[in-house]
Amino acid sequence: MTKARKTYVLKLYVAGNTPNSVRALKTLKNILEQEFQGIYALKVIDVLKNPQLAEEDKILATPTLSKILPPPVRKIIGDLSDRERVLIGLDLLYEELNEEDWEEQDNL
């Protein structure tokens, strides 16, 4: 029996086509394709074109990645270049560590 996997709903807030925004989007897409393999929905929001969305979600800096689902909501600010920080922020690295611990215990 295969385990049901979570679906991740993410929003990336950027300010136009700045180098940090482009880098954050490229890095995030790389992480999502490698680690989430089709179990995510990503919405990119340009706060210059949609400032009301940034205001509603209390976004104070860009780029900001917001994980909406699964709970809890998490936000990561910056160009997302620290892969481990992003994975921890999305709760993925923590889950992988827990799964490895369980597998080791099963082998004892």
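**Sheet, core and a buried lysine in the predicted model**

Leaving aside neighbours within four places in sequence, Leu65 is in contact (heavy atoms within 4.5 Å) with Leu10, Lys11, Leu12, Leu28, Arg74, Lys75, Ile76, Leu80, Val86 and Leu90. The model is a predicted one, in which local features need pLDDT of at least 70 and side-chain atom pairs count only at pLDDT 80 or more, whereas totals for chains, interfaces and linings use all residues. Residues are numbered from 1 along each chain as its sequence is written, and side-chain values use heavy atoms, with hydrogens and water left out.

Leu65 is also among the residues with the most contacts inside the largest nonpolar core, together with Phe36, Leu80 and Val86, and this core has 16 residues. A nonpolar core is here a set of buried Ala, Val, Leu, Ile, Met, Phe, Trp, Tyr and Cys residues joined through side-chain atoms within 4.5 Å, buried meaning under 20% relative accessible area with a 1.4 Å probe and protein chains only. At least two residues of this core are supplied by each of β1, α1 and α3 (83–89), and the largest share, five residues, comes from α1. Another core, of six residues, lies apart from it and includes Tyr13, Ala15, Ile45 and Ile59.

The strands (DSSP runs of E, at least two residues, numbered like the helices, H or I of at least four, from the N terminus) include four that form an open sheet of order β2-β1-β3-β4 with mixed pairing, two strands being paired if DSSP finds at least two bridges between them. Because β2 (40–46) and β4 (74–77) each have a single partner strand, they stand at the edges, and one side of each is left without a neighbour in the sheet. Strands β1 and β3 run antiparallel and are joined by five bridges, and Lys67 in β3 is the bridge partner of Leu10.

Lys67, which lies in strand β3 (residues 64–69), is buried, with a relative accessible area of 1%. Its contacts, not counting residues up to four places away in sequence, are Tyr8, Val9, Leu10, Pro72, Val73, Arg74, Gly89, Leu90 and Asp91; the side chain of Lys67 reaches the backbone oxygen of Pro72 at 3.3 Å.

Tyr8 is likewise buried, at 2% relative accessible area, and Phe36 is buried at 0%. The rings of Tyr8 and Phe36 have centres 4.5 Å apart and planes at 80°, so the pair is edge-to-face (centres within 6.5 Å; planes under 30 degrees apart stacked, over 60 edge-to-face, the rest tilted). This pair links strand β1 (residues 8–14) with helix α1 (residues 19–36), Tyr8 and Phe36 being 28 residues apart.

Note on methods:
Buried < 20%, exposed > 50% of the residue type's maximum accessible area, 1.4 Å probe, protein only. Polar contact = N/O pair within 3.5 Å; in protein donor to acceptor, adjacent residues only side chain to side chain. Phe/Tyr/Trp six-rings, centres within 6.5 Å; stacked < 30°, edge-to-face > 60°.
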